[in-house]
Amino acid sequence: MPWLSIDDYGTSGWQLAGDFLWRARHYCGELEKGEILFFPAPPFDLPKSEVDFLVSLKPADSRLHKNISYRPEQDLLRGLADSSNQTRVQDIMRRYAAAVKSFISAFLAPYAGKFQIDYASFRPLEEEGRDLPLHKRNDLLHVDAFPSRPTRGGRILRVFTNVHPSKDRVWIVGPRFPELASRFAEPAGLSKFASGSTMLRGWIRGLGTLGLPVADRAPYDKFMLHFHDWLKENPAFQTTNDGKEQLNFPPMATWLVFTDGVPHAALSGQFAMEQTFIIAVDALVAPEAAPIRVLEKIAGRAMD
Ligand SMILES: [Fe+2]
């Protein structure tokens, strides 16, 4: 199986009596090592009427943005052109984000209280045949890194649901981060990124704590942004079939994946919901599999 199918957790919580913490820890470890956790239906409340409403929105409603995005911490909705739907869509996204957050706190209990909830999105456009600049193309394999939100080693966990009424969402995934990095991190220029002066970085961080506006992007964040683009630009990596698998996610399937460690590309599919979390390094159960630790081992120096 290209994923690990979960049958002991559902909308009413754990399906087994007794101590479930060891199961939660097991699933965290599998995820961190690059496994994709699969549920045939959302393991949290996602009312059909709300999904139907999102899917019914005209494409013009999101013409300015490729996605409708929602920032739970600020209760901020972006990407909707028709403001008459603003309140309803915002209510739907607010409830969705809260439901996924409760689910993650219970299902992945070792992370509870140690994650930051990032943006949620509704993705209304067909992925196949989109005309996008190379670095923004979703159909090229990449690992995720956010230009506007450096994580300094924190990991990017994403929860996706295919809400198309009848069509699969089709992904390709590639070799997991330890193998990917061992083959490509040095050719991509890791040593150049890892060699930033530790003394200078300490000084910059000091200015930040004084409240001065300084760009505090760790060598890790700089490398991951570069690596995202470098992988998309690399025809040898994009065209080889080495270690690649196709995954077809059926309607209403829900899957969890650390997208900073699993190279992925969306080939086709329309209508998906997604919620992102940043998991702190000290909450990880398999920190040695975290991209920052993998890169530090290769580079022989700290990158945070
Ligand atoms: Fe991605």
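Me: How far apart along helix H3 are Asp91 and Arg94, counted in helical turns?
Reply: This is a predicted model. Asp91 and Arg94 both sit in helix H3, three residues apart. Their side chains meet in a salt bridge, 2.8 Å from N to O. The separation is about one helical turn.

Me: Is Asp91 buried, partly exposed or exposed?
Reply: Its relative accessible area is 27%. Buried would need under 20%, and exposed over 50%. Asp91 falls in between, so the class is partly exposed.

Me: Which residues of H3 are buried?
Reply: H3 covers residues 86-107 and reaches 31 Å from its first C-alpha to its last, close to the expected 32 Å. Arg94, at 34% relative accessibility, is partly exposed. The buried residues are Val89, Gln90, Ile92, Met93, Tyr96, Ala97, Ala99, Val100, Phe103, Ile104 and Phe107.

Me: How many residues apart are His142 and His264?
Reply: His142 lies in the loop between strands S7 and S8. His264 belongs to strand S12, residues 264-268. Both histidines are buried. The pair links distant parts of the chain, 122 residues apart.

Me: Which strands hold Glu274 and Arg123?
Reply: The side chains of Glu274 and Arg123 form a salt bridge at 3.2 Å, N to O. The two residues are 151 positions apart in the chain. Both are buried. Glu274 is in strand S13 and Arg123 in strand S7.

Me: What sequence separation does the Glu127 and Arg169 pair tie together?
Reply: The closest N and O atoms of this salt bridge are 2.8 Å apart. Both residues are buried. Glu127 lies in the loop between S7 and S8, and Arg169 in strand S9, so the pair ties together parts separated by 42 residues.

Me: What is the radius of gyration of the chain?
Reply: The chain has nine helices and 13 strands. The globule rule gives 19 Å for 304 residues, and the chain is close to that, so it is as compact as a globular protein of that length. Of its residues, 52% count as buried. The radius of gyration is 19 Å.

Conventions. Residues are numbered from 1 along each chain as its sequence is written. This is a predicted model: local features need pLDDT of at least 70, side-chain atom pairs count only at pLDDT 80 or more; totals for chains, interfaces and linings use all residues. Side-chain values use heavy atoms; hydrogens and water are left out. Helices (H or I, at least four residues) and strands (E, at least two) are DSSP runs, numbered from the N terminus. The expected span of a helix is 1.5 Å times one less than its number of residues. Buried means under 20% relative accessible area, exposed over 50%, partly exposed in between (1.4 Å probe, protein chains only). The radius of gyration is taken over C-alpha atoms; the globule rule is 2.2 Å times the number of residues to the power 0.38. A salt bridge is a side-chain nitrogen of Lys or Arg within 4 Å of a carboxyl oxygen of Asp or Glu.
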